[in-house]
Amino acid sequence: MSKASNSTKFRRVDVDELDEENYRDETDGVEGGDEASLLSQRDSEVEGLIRMKNSVEALKVALQNPVTASKDQKLKDQAFQIVMRVLTLYKTSEMAQAVEALNSDQVDILMKYIYRGFSEPSEKSSAVLLQWHEKVLTKGGIGSIVRVLTDRKTV
C-alpha cells in the first residue's frame, strides 16, 4: 500500500459550505448603496474629463470597476448610460486611438458594453456601436468576443 492512499486531506473539505442553502454569490465586497455612490462619483468624474476634452481618460474611468456582481438592474443601467455617453462622443477617426490606449481587460469590458448596447438599441446607437465593435475586434480579436459571450457576469 502506498503512502498516498493513507492520506486524509480530502476529509478536510467542509461539505456544508457547498450546500445550496448556504450558497452566496461572489461579490466584489461592495454594498448596493456603496455601488450607487461610486457610480455617481464616476459619473461626475467622467463629466469633468469630457469637459476638459480628455475623452480617452473618460473612457478608461467609465470602464473601471464594472457593475457585474450586482443584481440591481438600475445600477447596471446607470453604468451602461455612462459608458454610452462616452462612446457616442467619439468621432470615427478617434476610436482606434482610444481602443489602443486600453488594456486587454478594458477591451473585454468595452466589448461587454457594446453587446449590451446591441441588445438594447436606441436611436443612432447601433451605427456607433458597430464602428466601436470593429475597432475593439481589431485589438481584442475573436477571443474577446468569446470571453464576453461565455462570461456569466453581465454589465
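**Aromatic pairs and a charge over a ring**

Guide: Let's start inside one helix: Tyr115 and Phe118 are 3 residues apart in helix α5 (residues 104-119), so about one helical turn separates them. Keep in mind that this is a predicted model. The two rings make an edge-to-face aromatic pair, with 5.7 Å centre to centre and 90° between the planes. As for solvent, Tyr115 is partly exposed, its relative accessible area being 24%. Phe118 is partly exposed too, at 27%.

That's one of 3 aromatic pairs counted here. Another one joins Tyr90 and Trp132, again edge-to-face, with the ring centres 5.0 Å apart and 90° between the planes. This pair reaches across the sequence: Tyr90 lies in the loop between α3 (73-89) and α4 (92-100), while Trp132 belongs to helix α6 (residues 125-150), so the contact ties together parts that are 42 residues apart in sequence. Now for burial, where the cut-off is under 20% relative accessible area. Tyr90 has 7% relative accessibility, so it counts as buried. Trp132 comes out at 0%, so it counts as buried as well.

Arg116 lies over the face of Phe80, 4.6 Å from the ring centre. For a charge to count as sitting over a ring, CZ of Arg has to be within 6 Å of the ring centre and within 35 degrees of the ring normal.

Conventions
Residues are numbered from 1 along each chain as its sequence is written. This is a predicted model: local features need pLDDT of at least 70, side-chain atom pairs count only at pLDDT 80 or more; totals for chains, interfaces and linings use all residues. Side-chain values use heavy atoms; hydrogens and water are left out. Rings of Phe, Tyr and Trp (its six-membered ring) pair if their centres lie within 6.5 Å; planes under 30 degrees apart count as stacked, over 60 as edge-to-face and the rest as tilted. Helices (H or I, at least four residues) and strands (E, at least two) are DSSP runs, numbered from the N terminus. Buried means under 20% relative accessible area, exposed over 50%, partly exposed in between (1.4 Å probe, protein chains only).
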